[in-house]
Amino acid sequence: MSESTNQFIKPLTCKTNESGHLEIGGCDLIELAKDFGTPLYVLDEYTIREICRDYKKAFSSYKNVKLMFASKALCTMATTALIASEGFGFDVVSGGEIYTVHNSGVDMSSVLFNGNNKSVDELILALDTGVGRFSVDNFLELSLLNELAKSKNKIADILLRITPGIECHTHEYIQTGHLDSKFGFDLTQIDEAVDLILGRYSNLNLHGIHAHIGSQIFETQVYHDEIEILVKELVRINEKYGLNLNEINIGGGLGVKYTEKDFPPSVYDIADVIITSLENSIAKYGIEPPTIFLEPGRSIVSNAGVTLYTLGSSKQVPKGKYYFAVDGGMSDNARPSMYKAEYSAQIANKPEEESLQNVTIAGRFCESGDILIPRIKLPEIEEGDILCVFNTGAYNYSMASNYNRVEKPAMVLVNNSQFDMIVRRESLSDLISHDIIPDRLRKNV
Ligand code: LLP
């Protein structure tokens, strides 16, 4: 089976250039660090386009496929416009994501709104901007959405988010399809939901069902199981209610290679399992091929992104670890402290030097748990060296915080030796721009 872009640790254009530095998209990373400062997110346009093309190619033999990028992995206006230009729609989960996608010029009929506790304001924004599908998660949302759609004289096109009861072997916090999950209708609640939609909620138009089984998935069998369960459920609902629902959203989840120990399947591997399983189910039930929605997030942007840090202070614990600190950490990449996520890195100004020493890369935040990479072999480090951490395109910027009142980094998009800042670095004045001192306190200062 062919390889796909998600199976590489580094961006596809990453190499050592004539100056002996790492470059991505034809841009010298040391120059970028000088021009834009660190920490800096760098994103390779070519790698994103290639994985989008892998997805399109892998699923091309099944005609009714809709590819939607899960914005939660990375949501900026430039990346949204870039991914839209590859023909992808978008899965959004908040008013902020809807607003970003809408302002990026995306055709909103290709957008699907997910989430387990959508607010009234968010539902209104989704209706007003013309979001194409709502994945309705629970009974409260059914009634709210129906009411809001009615007040606007609109019909909301919906899928029902269901919990298929599939356990996949990923971190507990990023599993979502198992039975004891906060997301979606339990299989036993579906009929009650369909009864309400058909009997009472005349401003809702049901098209099908949706599930998402987890993230950073390395197994292919779970997709086979998911398709079996979802098609069976769709057929059952259609037969019981005399309906012709024909949409199945199978969520995202394909894993990526953070370190040499990771072996994620390729997009072609999962497409093969998904399409074979679909064809078997279609033949078994004698149904028309349903439209399949996929919502990949991580696998689209993760290895296109790297983060550049400047190495600063160090500490050799007597008979213990050799710590080197960078100028970022858990606020620009929460994943190591949240999920014990592992990362690979190189020193961008001397990538070819032999890696002989074991070091611990520490963040700059005031917590002992702020360790970016607990153990990595690197060449001898000098203060001022630039560390390039790979695979930070997904769930880094999108989960960034201002912990310790540190400004969020800038992001630069590189391609064909061209670089464009797509997210401006936060400034100190940005940090206080939302703060208000009440007059009664102001008098004292
Ligand atoms: N669709 C739904 C309904 C989802 O909940 C998610 C991710 C996706 C699609 C995209 O899944 P992906 O292809 O990215 O695996 N913050 C965690 C990941 C949380 C994923 C939540 N849902 C992390 O950094 O690992």
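Start by selecting Tyr 41, Val 42, Leu 43, Leu 74, Gly 305, Val 306, Thr 392, Gly 393, Tyr 397 and Met 411, the residues that line the largest cavity. What you have open is a predicted model, where local features need pLDDT of at least 70 and side-chain atom pairs count only at pLDDT 80 or more, while totals for chains, interfaces and linings use all residues. Residues are numbered from 1 along each chain as its sequence is written, and side-chain values use heavy atoms, with hydrogens and water left out.

**Stop 1: the largest cavity**

A cavity here is a set of points, on a 1 Å grid over the protein atoms alone, where a 1.4 Å probe fits but cannot get out; lining residues have an atom within 4 Å of a point. The volume of the largest cavity is about 50 Å³, a volume being the space filled by probe spheres set on the points, which are joined across faces, edges and corners. Now colour β4 (40-44) and β14 (305-316), each of which supplies at least two residues of this lining. Which strand gives the most to the lining? That is β4, with three residues. By class, the lining of the largest cavity has seven nonpolar, three polar and no charged residues. In this scheme Ala, Val, Leu, Ile, Met, Phe, Trp, Tyr, Cys and Pro are nonpolar, Asp, Glu, Lys and Arg are charged, and the others, Gly among them, are polar. Strands (E, at least two residues) and helices (H or I, at least four) are DSSP runs, numbered from the N terminus.

While you are at β4, step back to Pro 39, in the loop between α1 (29-36) and β4. The peptide bond from Thr 38 to Pro 39 is cis, with omega near -10°.

**Stop 2**

The structure holds two cavities of 30 Å³ or more.

**Stop 3: the ligand**

Keep Glu 295 selected and bring up the ligand: 19 residues surround the ligand (a heavy atom within 4 Å), and the closest are Ser 215, Glu 295, Arg 298, Arg 335 and Tyr 395.

- A polar side-chain atom of Glu 295 lies 2.6 Å from a nitrogen atom of the ligand.
- An N or O atom in the side chain of Tyr 339 is 2.8 Å from a nitrogen atom of the ligand.
- An N or O atom in the side chain of Tyr 395 is 2.7 Å from an oxygen atom of the ligand.

Taken alone, the ligand exposes 590 Å², and the protein buries 92% of that (Shrake-Rupley areas with a 1.4 Å probe). The shell around the ligand has six nonpolar, seven polar and six charged residues. Domain 1 (1-44 + 298-445) and domain 2 (114-296) both give residues to this shell, so the ligand lies between them; the bounds come from an automatic or database domain assignment.

**Stop 4: the second largest pocket**

From Tyr 339, move on to Lys 340, in the loop between α11 (335-339) and β16. Lys 340 has a positive phi of about 55° although it is not a glycine. Most residues other than glycine have a negative phi.

Next, select Thr 259, Tyr 343, Ser 344, Ala 345 and Ile 376, which lie nearest the centre of the second largest pocket among its 17 lining residues. A pocket is an open set of grid points with protein on both sides within 12 Å along at least five of seven lines. This one has a volume of about 350 Å³. β18 (371-378) provides the largest share of its lining, six residues. The lining divides into eight nonpolar, three polar and six charged residues. Domain 1 and domain 2 both contribute to the lining, so this pocket lies between them.

Definitions and conventions:
Polar contact = N/O pair within 3.5 Å; in protein donor to acceptor, adjacent residues only side chain to side chain.
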